[in-house]
Amino acid sequence: MTNGILLALIAYASYSCSDAVIKSLGGQFTVFEIGFFITLFAGCFLFFSRPVDERWRDFWRTGRPWAVQARAWAGIASGVLSVYAFTTIPLAETYALIFLAPLCVTILSTVILKEKVGPWRWLAVVAGFAGVMLVVRPGFRELHLGHLAAFTVAFLAAASVILVRSLAQQEKRTTMLGVLIGYGLLFNGAGTIATSFTLPNAMQLLWLVLGGAFTAGGQLLQLLAAKYAPANRIAPTHYSQIVWAVILGALFFQEYPDWISLVGLAVVGASGLLTMVREEVRLGTVRWNPFSRTRL
C-alpha cells in the first residue's frame, strides 16, 4: 500500500508540473494551440499504455456512445478552460477553484442521481466554498475570466464523474481515453486554425513535449498506483497538488499566497477529504475518486 500511495503522490506531482508548463507557455500560444500540442504529445506517450486485453483500433466500439461522447466533450471543455485559467490567474487560485469538484459532485448527485446527502457532506460543501472565498476574496481583489473558467472546470469535472460512474463497468479504457484524445485533437486543431498558429521554436517545442510527457506520466503512474493500493487510500493524495501549486507558483512565477490564502487552501483540501471520509463511512467506498482526471 505504501508503494501505491507513493506512486500516486508522484503522479500528482507530474500533473502539477504539466500545469506549470502550460502556465509558462501562456502568451506565447493560443489556448487551442497549447491544448492541441499537449494532447498530441500526451497521446503519443499514452499509446503504449493500453491494457493487454484491449486494442486501440477498437476504441470507437462502444455500448453507450452518447454517454462516452458527453464525457469526452466535458473533458475537452475542461482542458481548454483549464489552460485559460492556468495562463491567466495564479496556480494556487486555479487549484482552489478546480478542487471544488468533489463538492460539486455532492450537489449534482442530489439533483441528477437523487441521492440523499447527510449534514456532514453539506457541511463540507459550505466549508469548501468558504475556503475558496478566502483564497479568491471577491470584492477585495480583481476577479478575472480565469476564475470563472476554473470554476467551470470544477463543474465539468463533477459532471464527468457522474457519467463515469455509469460507464466504468461497461466501457473499455481505450474507448474512454481514445475518444477524449481524438476529439481533443480535432477541437483544438480547429480552434488553432480559426484563431492563429505560431510555429514553435526548438525550446518551445521541448516544453510542449515535456508538458505532454508529464500528463502521460501522471496517467501511467496512476495505473501503477492502483495495483498496489485501493482507491480510497489513493484518492486523498490528489490534494498534494495544493502544495505543489504553492511551491511551483513561488519558484517559477513569483506567486506568493498570503496567510489568508493558505488557510483557504487548507480549508478547501480539508472539505474534500471530509467528503471522501463521509462517503467511505456511509457507503464503504469512495465514489468520488479524482484519481483519474477528466482532462489531458
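## The second largest pocket

Helix α9 (residues 202-228) supplies the largest share of the lining of the second largest pocket, with 5 residues. The model described here is predicted. About 220 Å³ of space lies in this pocket.

Which residues line the second largest pocket? They are Ser-49, Arg-50, Pro-51, Arg-173, Leu-220, Leu-223, Leu-224, Ala-226 and Lys-227. By type, the lining divides into 5 nonpolar, 3 charged and 1 polar.

## Aromatic pairs

How many aromatic pairs does a search of the whole structure find? The search finds 11. One of them joins Phe-36 and Phe-37. Their ring centres are 5.5 Å apart, and the planes stand at 80 degrees. The pair counts as edge-to-face because the angle between the planes is over 60 degrees.

Phe-37 has a relative accessible area of 11%. That value is under 20%, which means Phe-37 is buried.

## A cluster of rings

Aromatic residues also gather in a cluster. Phe-32, Trp-73, Tyr-183 and Phe-187 form this one cluster.

## A charge over a ring

Where does the charged end of Lys-23 sit? The charged end of Lys-23 lies over the ring of Phe-253. The distance from the centre of that ring is 5.5 Å.

Notes:
Residues numbered from 1 in each chain as written. Predicted model: local features only at pLDDT ≥ 70, side-chain atom pairs only at ≥ 80, totals over all residues. Heavy atoms only, no water. Phe/Tyr/Trp six-rings, centres within 6.5 Å; stacked < 30°, edge-to-face > 60°. Buried < 20%, exposed > 50% of the residue type's maximum accessible area, 1.4 Å probe, protein only. Lys NZ or Arg CZ within 6 Å of the ring centre and 35° of its normal. 1 Å grid on protein atoms, 1.4 Å probe; cavity = no way out; pocket = protein on both sides within 12 Å on 5 of 7 lines; lining within 4 Å. Points joined across faces, edges and corners; volume = space filled by probe spheres on them. Helix = DSSP H or I, 4+ residues; strand = E, 2+ residues; numbered from the N terminus. Nonpolar A, V, L, I, M, F, W, Y, C, P; charged D, E, K, R; others polar.
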